[in-house]
Amino acid sequence: MELQSLKNRFDLIGDDPQFNRALAIAEQVASTDLSVLVSGESGVGKESIPQIIHNSSPRKHNKYIAVNCGAIPEGTMESELFGHIKGSFTGANENRKGYFEVADGGTIFLDEVGELSAESQKRLLRVLESGEFYKVGSSVVQKTNVRVIAATNVNLTEAIRLKKFREDLYYRLNQVPVFLPPLRQRKGDICLLFRKFAVDCADRYNMPPIALTRDAQAMLMSYRWPGNIRQLKNIVEQITVLETGRLIESEVLKNYLPNQDEDLHPALRALPSQENAFSGEKEMIYKLIYSLKQEVEQIKQQLAAVAVQPQTNTQHIQVSPQPSDHIIVVSPEQEEGVKDLSISSMYEEKIREALGKFPRNRKAAASQLGISERTLYRKIKEYGIDIKKKK
């Protein structure tokens with residue numbers, strides 16, 4: 001497949017030679033069963049490589065499972081990967097299939113593979129070498145035919161030196177190495193990615209896309225980008241939602257770029273479970289902010305109408321003294337039941353609405369909110385929502 005067609009198919013942007021090389025390798029090895037190890041800093045988009053390989057391979061009609069090894073507690077990792085039998089440990093109330101059994105005939109992507117414990121590494125090596133594994137608590141050998149693609153943002157050779165990663169597992173995973181360069185080495189792609197994210201955000205929030213002046217583009221390209229593509233995408237989302245102007249000057253842009261002198265190293269990795277939870281919350285908060293801005297515009301229009309038309313039933317507008325955290329709109333007959341429209345209270349209200357709509361289905365409620373079930377349960381606890389009354 002032509003490289004540009006591959007990029008179009010997987011919605012990838014960039015013409016950097018190292019980036020193109022990584023995509024070409026992924027396409028070339030897709031038809032084989034060789035293990036692939038994708039390396040690169042956090043936020044460079046390593047998850048795109050296993051998707052390309054799986055969907056371009058003979059296994060494409062079978063299961064593709066992505067596992068974030070850093071997000072699974074160490075005590076449950078082996079059960080998640082290989083399954084368990086009923087009664088094998090406290091809480092094992094039934095037999096459970098692991099990812100290697102479910103993905104038989106397909107592909108497993110092990111992200112942050114450097115986070116695996118020594119025992120999990122040992123079990124993984126056996127699966128890679130023989131296709132055999134044991135469920136937790138079982139003595140029956142099971143077979144699986146799975147292609148493994150792994151990714152890491154840590155230096156595994158250094159981890160081997162420190163006895164934190166098995167050398168034999170490293171060479172078994174690293175049959176084909178693929179390296180994705182950091183964004184600071186892809187300067188020609190930075191503005192292309194900015195425009196793509198700006199259009200995506202504009203579509204998502206139903207707003208005009210933002211654009212950069214020449215000075216702002218130069219600032220964007222000279223920045224170090226410790227968080228790589230993930231950081232760039234987050235900044236585009238922030239500017240899209242928070243700025244009223246659509247042409248962004250360098251003076252505005254610099255307010256969204258952390259001081260480079262304070263962070264000259266690649267972004268430290270957050271725990272993936274925290275990162276995923278924040279991503280869902282951030283999406284919801286952005287939508288709430290935009291909704292709040294729309295309400296403010298409606299209030300302005302109402303005030304303009306009041307200024308030109310005599311009113312028989314005057315409406316009182318009260319604005320709380322906080323800088324912009326609360327906006328309260330009250331009519332005389334509503335003063336007893338005034339509603340606080342802070343971001344926090346709007347967030348809580350949305351959660352309560354979703355739980356009311358799906359009283360017996362937490363998964364559906366979380367899906368409507370755009371957050372994970374884990375995040376939903378954490379917010380239920382945080383806001384003191386009595387879920388028993390929702391059943």
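Phe82 and Phe100 are both buried, where buried means under 20% relative accessible area, exposed over 50% and partly exposed in between, with a 1.4 Å probe and protein chains only. Keep in mind that this is a predicted model: local features need pLDDT of at least 70, side-chain atom pairs count only at pLDDT 80 or more, and totals for chains, interfaces and linings use all residues. Residues are numbered from 1 along each chain as its sequence is written, and side-chain values use heavy atoms, with hydrogens and water left out.

**Aromatic rings**

A pair of aromatic rings is described by the distance of the centres and the angle of the planes. Rings of Phe, Tyr and Trp (its six-membered ring) pair if their centres lie within 6.5 Å; planes under 30 degrees apart count as stacked, over 60 as edge-to-face and the rest as tilted. Searching the whole structure turns up four aromatic pairs, including these two:

| Pair | Centre to centre | Angle between planes | Type |
|---|---|---|---|
| Phe82 and Phe100 | 5.4 Å | 15 degrees | stacked |
| Tyr223 and Trp225 | 4.8 Å | 85 degrees | edge-to-face |

The Phe82 and Phe100 pair links distant parts of the chain, 18 residues apart: Phe82 belongs to helix 4 (residues 77–82) and Phe100 to helix 5 (residues 99–102). Helices here are DSSP runs of H or I with at least four residues, strands are runs of E with at least two, and both are numbered from the N terminus. As for Tyr223 and Trp225, both are buried.

**Charges over rings**

A charge sits over a ring if NZ of Lys or CZ of Arg is within 6 Å of the ring centre and within 35 degrees of the ring normal. Arg186 does this with Phe19, lying over its face at 4.1 Å from the ring centre. Arg96 has its charged end over the ring of Tyr99, 5.9 Å from the centre.

**Arg9**

Another arginine to look at is Arg9, found in helix 1 (residues 3–9). Arg9 is partly exposed, with a relative accessible area of 42%. Its side chain reaches the backbone oxygen of Asn55 at 3.0 Å. The C-alpha atoms of Arg9 and Ile52 are 9.2 Å apart, although 43 residues separate the two along the chain.

**The whole protein**

Zooming out, the protein has 16 helices and 13 strands. Of its 391 residues, 44% count as buried.

Methods. Polar contact = N/O pair within 3.5 Å; in protein donor to acceptor, adjacent residues only side chain to side chain.
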